[in-house]
Amino acid sequence: MGIIAWIIFGLIAGAIAKLIMPGEDPGGIIVTIIIGIVGAVIGGFIGGLLGFGGVSGFNIGSFIIAILGAIVLLVLYRMVARR
């Protein structure tokens, strides 16, 4: 996917992750995009290790993996930000 597609995909995944885990996080939309993009990469890596496959384009499996990765990253971000 191109960089614009990854940004859009990351924005959507990050926004859904923040809807699933609401709370006040510093950073706003930029941090949401970064969490979504990096979360998609983390989700793809973990999904590949577990045999589920990675993030391979705009499909439902990739989307779910990206959202789960963004949730994991959001939990880690909140743990680090609180210290």
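The following conversation goes through the predicted model of this protein chain.

Student: What should I know about the model before reading values from it?
Tutor: The model is predicted, and local features need pLDDT of at least 70, side-chain atom pairs count only at pLDDT 80 or more, while totals for chains, interfaces and linings use all residues. Residues are numbered from 1 along each chain as its sequence is written, and side-chain values use heavy atoms, with hydrogens and water left out.

Student: How many helices and strands does the protein chain have?
Tutor: The protein chain has three helices and zero strands, in the order α-α-α along the sequence. Helices (H or I, at least four residues) and strands (E, at least two) are DSSP runs, numbered from the N terminus.

Student: What share of the residues counts as buried?
Tutor: Of the 83 residues, 34% count as buried. Buried means under 20% relative accessible area, exposed over 50%, and partly exposed in between, with a 1.4 Å probe and protein chains only.

Student: And the accessible surface, what does it come to?
Tutor: It comes to about 5,000 Å² for the protein chain, and carbon and sulfur atoms hold 77% of that. Accessible areas come from the Shrake-Rupley method with a 1.4 Å probe; for residues, only the protein chains shown count as cover.

Student: Which residues make up the largest nonpolar core?
Tutor: This core has twelve residues: Phe9, Ala13, Ala17, Met21, Ile35, Ala40, Ala66, Ile67, Ala70, Ile71, Leu73 and Leu74. Each of α1 (3–20), α2 (28–49) and α3 (60–81) supplies at least two residues of this core, and the largest share, six residues, comes from α3. A nonpolar core is a set of buried Ala, Val, Leu, Ile, Met, Phe, Trp, Tyr and Cys residues joined through side-chain atoms within 4.5 Å.

Student: Take alanine 13, then. What is it in contact with?
Tutor: Leaving aside neighbours within four places in sequence, alanine 13 is in contact with Gly36, Phe63, Ala66, Ile67 and Ala70. Contact means heavy atoms within 4.5 Å. For the protein chain, residues 24 or more positions apart account for 67% of the contacts with a separation of 6 or more.

Student: Back to α3. Why does its span agree with expectation?
Tutor: At 1.5 Å a residue, the 22 residues of α3 should span 32 Å, and its end C-alpha atoms are 31 Å apart, which agrees. The expected span of a helix is 1.5 Å times one less than its number of residues.

Student: Which residues of α3 are buried?
Tutor: They are Ser62, Ile65, Ala66, Ile67, Gly69, Ala70, Ile71, Leu73, Leu74 and Arg78. Valine 75 also lies in helix α3, but valine 75 is partly exposed, with a relative accessible area of 33%. Its C-alpha atom is separated by 8.7 Å from that of methionine 21, 54 residues apart along the chain.

Student: Where does glutamate 24 lie?
Tutor: Glutamate 24 lies in the loop between α1 and α2, and counts as exposed because its relative accessibility is 80%. The C-alpha atoms of glutamate 24 and arginine 78 are separated by 9.4 Å.

Student: What about isoleucine 29, buried or exposed?
Tutor: Isoleucine 29, in helix α2, counts as exposed at 54% relative accessibility. Isoleucine 37 is found in helix α2 and is partly exposed, with a relative accessible area of 23%.
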